[in-house]
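Subject: Structure for your review

Dear colleague,

Please find the structure below, together with its sequence. My findings follow it.

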Amino acid sequence: MTEEDDARLAMLRETLNKHVGLSQYEAEVYLALVRGGTQTMTDLAETSDVPKQRVYDTVSSLRDAGFVEVIDDYPRKAYAVSPSEALGQVQDQLERAEEELDDLHETVETVESGVALFKSETTIQKYIADMISTAERDLLLLVPYDRLDDISDQLADCEDVRLRLIISDLSPSHTTENTVAIDRSLPNTVDDVRGVTSTEDFVLIADRNRALYWARRSFDEQDEEDQAYYVSNPRLAFVLDRFVSESIWPYARPVAGQEQAVSLPAEYLRIRDCLADVAELAERRPIDDIEVEFKGYDTETGDAVERSGILTSYYFTEYDIRASLTIALHTEADTVQPTLASVGGVGAREVDFAAERITIREHNNRNDDHLTDETISYLEDCRSQLPQELGEASVVVAFDAFIDQMRELVERSGDQYDHVSQFERFRESLVRFEGSENSPRALWRKTETEPGGHVSHVGNVLDDLGYDLTLIGRFGDPIRPEFASTFDDQTLVSVGPTTSTDYVRFDNRNFLLTEPNTNPLDWKRLTDRIDVSELVGRLDGATAISLGTWWATPDLPDILEGLTKELWPKLESPPEFVHMSTGEISDMSRETLDWGADALANLDDRTTVTVTANRDQTRQLRDSLLSDSATGPTVQRLRNQLGVSQFVMHSLKGATLATEDGISTATTPRVTNPRRVRNVDDHFKSGYVLGLAEGLSGSASLVLGNALASYFVRHDEAPDTEELRTFLTNYEDFY
């Protein structure tokens, strides 16, 4: 025989031994009969090299197994059953065994005992496919780049789950400042994908309660077996999920070309996933345009809860384990200002509720989604009451004024200075400094300097509309050129040195460095700089005064008392209206707030006082001033508590006015693609003060304030007279 024949026979012997189950002698005898045909026992002993005394019992065992037949003649002979028939019986047995093993395997699988170790790649792949196909809501995967093709087709079928993907083992050469690159397309079902250059194992987490961890073979032992751990214990899966979602995902870079905008509605199992999307949405819409539903439990009692409400604020940073939403719960008791509740993730304790599932959607039940009959009535009043010529009234605007210094961070690259456009890049530079011996250093350049604060913002709007203004504030000694050049046609009265705020601008947010004024303005400091007789000259004959924010002038109650007791008695033609805004008052004591309420009430005895606050500031006032046992609309209760003629709560959705005659509400049309969603409070206040100065009713002034603020949101600039009138003319068309 040739060497090829020998090798062939050796392979057949091994197959019959290992896979068919024949002994060595049985394999030799069967091969001899297959090759040589019918043979006597003596012949078999010679052709098979099996001892003659063992040939008889070997032939008998082969006959029992169905591999040979025996001819009971003399001498006794045997011949081989055809291999297809003989091995067919074995194949049937193997198939039955396979079915039995599969049934057993399914039984073990459904036990879900906690953690199972798999060493077969086939089994591992089966579990991966099963987890992907059976996930109900959420899939989070950490996948080495070279295994991406193995699961791509399976991911393409994930239509109804939230799917996030982290691709590891990417080449550092394919990374940029903000992104990483891959040279293949991903299924459209992937909701969000990021990448890292580090070497990571395969991790799959389904619905945050099942997980599979597939350890890669070590670099120095390529022959070792695969090892994958299937985790069916929800608590263990939760720990693995938190590691991937909070330790890897936040620091992975987006994959270039795969960015997808957040679309609503969206469902989340993780509070941080939800907050990341909320932060993105907040860049282009007011957050109280978002409705939140959650299922979870009360952190105090442990009782299961299902609640919903409107988002009012949120807390989220990658450097703090705390993360939460604050929502105004939907209730029937207080329709103006519902109860606020804080919502955190599973395990959170310093919140009212812990959410196991969160859904966010657009607030579809907004009153301003349609033009109400009430708003139509006030709009008609506004159009008819607004005079043909604006700018005839005289307005005084005080007191808070600052210098806003706009800056941008840069990095040096050779002879060039590149703008650091992303806040995250600045933050990463601080982290790098923390791990080095160098002191943190940042290069920046000033882009522009402009006046800021209530005086400047409201003053700019009214100045552009042609009003005669007297601006009183801390403009500097001498008056800073930023104020002098901006208001060169107006009367500026400086009552002290100004302070500044450095605005470090990034594409996605601003970083503010504010210099506080350590000498708060009160009545004595005010009259030390401008005596009462000069103040009389400035205010006498003015139609309205807008005093700015209580936050920026903490001793404003002292100034109000001075106006009431010392100034007003000396005025021959006192202003018909005094306006002030609360600003941020959460840090003020109850004693300070009560002091302010008394001062406002006393001034209101002399003239009509209006207090305005946005929705969040109104809640702060409610929580600080009102009793939980009191009933009635919040805005009316606050008006009574402050002792003023008018209290106005405003937002981008509209405004509500409380007077002694009742409550008036004017809605604002929704802005689908706003150019500015922050810092619009001053434009509403400008419109409302404008309405007061021109003698409009309070309800008509609501519409005017809404119109000015809405125009600003749409265009990122205030309107001139013609643009304002056009906006009012077309007000209905924006709904």
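Asp682 is buried, at a relative accessible area of 14%. Please bear in mind throughout that this is a predicted model. The partner of Asp682 is Lys685: their side chains form a salt bridge, 3.1 Å from N to O. Lys685 is likewise buried, with a relative accessible area of 4%. Both residues belong to helix H20 (residues 681-693), and because they are three residues apart there, about one helical turn separates them.

Salt bridges elsewhere

The count of salt bridges comes to 27. One of them joins Arg164 to Asp273, whose closest N and O atoms are 2.9 Å apart. Arg164 is part of strand S6 (residues 162-168) and Asp273 part of helix H9 (residues 271-281), so this pair ties together parts that lie 109 residues apart in sequence. Arg164 is buried, with a relative accessible area of 2%, and Asp273 is buried as well, at 5%. Arg164 and Asp273 also belong to a network of salt bridges that includes Asp138, Arg208, Asp241 and Arg270.

A further salt bridge is formed by the side chains of Arg529 and Asp477, at 2.6 Å from N to O. Arg529 is in helix H14 (residues 523-529), whereas Asp477 is in the loop between strand S22 (468-473) and helix H13 (481-486); the pair therefore ties together parts 52 residues apart in sequence. Here the two partners are partly exposed: Arg529 has a relative accessible area of 38%, and Asp477 has a relative accessibility of 48%.

Strand S15 and its partners

Strand S15 (residues 323-329) is mostly covered, with seven of its seven residues buried. One side carries Ala323, Leu325, Ile327 and Leu329, the other Ser324, Thr326 and Ala328, and both faces are covered. Strand S14 (residues 304-316) pairs with S15 in the antiparallel sense over seven bridges; Phe316 has Ala323 of S15 as its bridge partner. S15 is also joined to strand S16 (residues 340-344) by five bridges, again antiparallel, and Thr326 is partnered there by Ser342.

Which residues does Ser324 contact, leaving aside its neighbours within four places in sequence? They are Leu275, Tyr314, Tyr315, Val343, Gly344 and Val351. Ser324 counts as buried because its relative accessible area, 15%, is under the 20% limit.

The nine-stranded sheet

Nine strands make up an open sheet of mixed pairing, in the order S23-S22-S18-S26-S27-S28-S29-S30-S31. At the edges stand strand S23 (491-494) and strand S31 (662-667); each has a single partner strand, so one side of each lacks a neighbour in the sheet. From one strand to the next, the twist averages 15 degrees. Helix H17 (residues 590-604) packs on this sheet and touches strand S27 (577-581) and strand S28 (608-614), its direction making about 140 degrees with that of S28. Strand S30 (residues 654-659) and S31 run antiparallel and are joined by six bridges, with Thr659 standing opposite Gly662 in S31.

A nonpolar surface patch

Finally, Trp444, Phe511 and Leu513 make a nonpolar surface patch of about 250 Å². Of these residues, Phe511 is found in strand S25 (residues 510-514) and is partly exposed, with a relative accessible area of 31%.

Yours sincerely

Technical notes:
Residues numbered from 1 in each chain as written. Predicted model: local features only at pLDDT ≥ 70, side-chain atom pairs only at ≥ 80, totals over all residues. Heavy atoms only, no water. Buried < 20%, exposed > 50% of the residue type's maximum accessible area, 1.4 Å probe, protein only. Helix = DSSP H or I, 4+ residues; strand = E, 2+ residues; numbered from the N terminus. Pairing = 2+ DSSP bridges. Contact = heavy atoms within 4.5 Å. Patch = residues over 30% accessible without salt bridge, like charges linked within 9 Å, V, L, I, M, F, W, Y side chains within 5 Å. Areas by Shrake-Rupley, 256 points an atom, 1.4 Å probe, with all protein chains shown as cover. Salt bridge = Lys/Arg side-chain N within 4 Å of Asp/Glu carboxyl O. Axes fitted to C-alpha atoms, helices over the stretch in contact; angles between N-to-C directions.
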